[in-house]
Amino acid sequence: MIKDYCTQNNGNCETCSLASYGRDCMNNPIKETKDTIKLSYNKDDFFDNDGWIRFDGFSVAVGEKGELEYCNPLKNKSYYEQNPYYQVIQIREDENNIQDSTADFERIILEKLGGLS
């Protein structure tokens with residue numbers, strides 16, 4: 001289906017020269033995959049040896065393909081915020097009372113992405 005605003009490439013965003021970082025010429029995601037997105041991350045980056053979330057309130061950058069990165073406010077958070085490939089999500093301190101449950105962790109992130117209700 002060709003988007004209303006499309007004027008290029010017969011509506012094929014995936015091969016259009018105006019598209020970049022998985023977004024079309026109007027900065028909309030080319031593929032709406034949030035409801036089926038599979039998150040990928042290193043569990044050790046987010047959970048300590050006892051299985052608890054290791055941060056009290058933090059931000060996570062979610063890439064278009066579901067890769068998660070911890071946003072260090074002093075090192076790389078501004079990079080992720082300025083890069084359209086990533087969406088930065090804030091995890092509040094009261095939301096990370098999680099132990100040994102990557103399913104709960106992923107559910108919170110997906111809900112914030114708008115993929116699950």
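A: Tyr5, Cys6, Thr7, Gln8, Gly11, Asn12, Cys13, Cys16, Ala19, Asp24 and Cys25 line the second largest cavity. The model is predicted, with local features needing pLDDT of at least 70 and side-chain atom pairs pLDDT 80 or more, while totals for chains, interfaces and linings use all residues. Residues are numbered from 1 along each chain as its sequence is written, and side-chain values use heavy atoms, with hydrogens and water left out.

A cavity is a set of points on a 1 Å grid over the protein atoms alone, where a 1.4 Å probe fits but cannot get out; a lining residue has an atom within 4 Å of a point. The search of the whole structure turns up 2 cavities of 30 Å³ or more.

What is its lining made of? By class, there are 6 nonpolar, 4 polar and 1 charged residues. Here Ala, Val, Leu, Ile, Met, Phe, Trp, Tyr, Cys and Pro count as nonpolar, Asp, Glu, Lys and Arg as charged, and the others, Gly among them, as polar.

Asparagine 9 is found in the segment before helix H1 (43-46). Asparagine 10 is also in the segment before H1. Asparagine 9 has a positive phi of about 55°, although it is not a glycine. Asparagine 10 likewise has a positive phi of about 55°. Most residues other than glycine have a negative phi. How open are these two? Asparagine 9 is partly exposed, because its relative accessible area is 36%. Asparagine 10 has 75%, so it counts as exposed. The cut-offs are simple: buried is under 20% relative accessible area, exposed is over 50%, and partly exposed is in between (1.4 Å probe, protein chains only).

Now step back to the whole chain. The protein chain has 3 helices and 3 strands. Helices (H or I, at least four residues) and strands (E, at least two) are DSSP runs, numbered from the N terminus. Along the sequence the pattern is α-β-β-α-β-α. Of the 117 residues, 35% count as buried. Contact means heavy atoms within 4.5 Å. Among contacts between residues at least 6 apart in sequence, 49% join residues at least 24 apart.

Where do nonpolar side chains gather? A nonpolar core is a set of buried Ala, Val, Leu, Ile, Met, Phe, Trp, Tyr and Cys residues joined through side-chain atoms within 4.5 Å. The largest one has 19 residues, and those with the most contacts inside it are Phe46, Val60, Leu68, Phe105 and Ile109. Strand S1 (58-63), strand S3 (86-91) and helix H3 (102-113) are the elements that give two or more residues to this core. H3 gives the most, with 5 residues.

Look at phenylalanine 46. Leaving aside neighbours within four places in sequence, its contacts include Tyr41, Trp52, Phe58, Val60, Leu68 and Phe105. Apart from this core lies another, of 5 residues, among them Ala61, Cys71, Tyr85 and Tyr86. In soluble globular proteins, nonpolar side chains tend to be buried together.

Helix H3 also holds leucine 110. Leucine 110 counts as buried because its relative accessibility is 12%.

The structure has 6 salt bridges. A salt bridge is a side-chain nitrogen of Lys or Arg within 4 Å of a carboxyl oxygen of Asp or Glu. Aspartate 104 pairs with arginine 107, with the closest N and O atoms 4.0 Å apart. Both lie in H3, 3 residues apart, about one turn of the helix. Aspartate 104 is partly exposed, at 32% relative accessibility. Arginine 107 is partly exposed too, at 35%. Arginine 107 also forms a salt bridge with glutamate 111, with closest N and O atoms 3.3 Å apart. These two are in H3 as well, 4 residues apart, about one turn of the helix. Glutamate 111 is partly exposed, at 33%. Shared partners join Arg92, Asp94, Glu95 and Lys112 into one network of salt bridges. Within it, arginine 92 pairs with glutamate 95, their closest N and O atoms being 3.5 Å apart. Arginine 92 is partly exposed, at 44% relative accessibility. Glutamate 95, at 17%, counts as buried.

Notes: On a 1 Å grid over the protein atoms alone, a cavity is a set of points where a 1.4 Å probe fits but cannot get out, and a pocket is an open set with protein on both sides within 12 Å along at least five of seven lines; lining residues have an atom within 4 Å of a point. Grid points are joined across faces, edges and corners, and a volume is the space filled by probe spheres set on the points.
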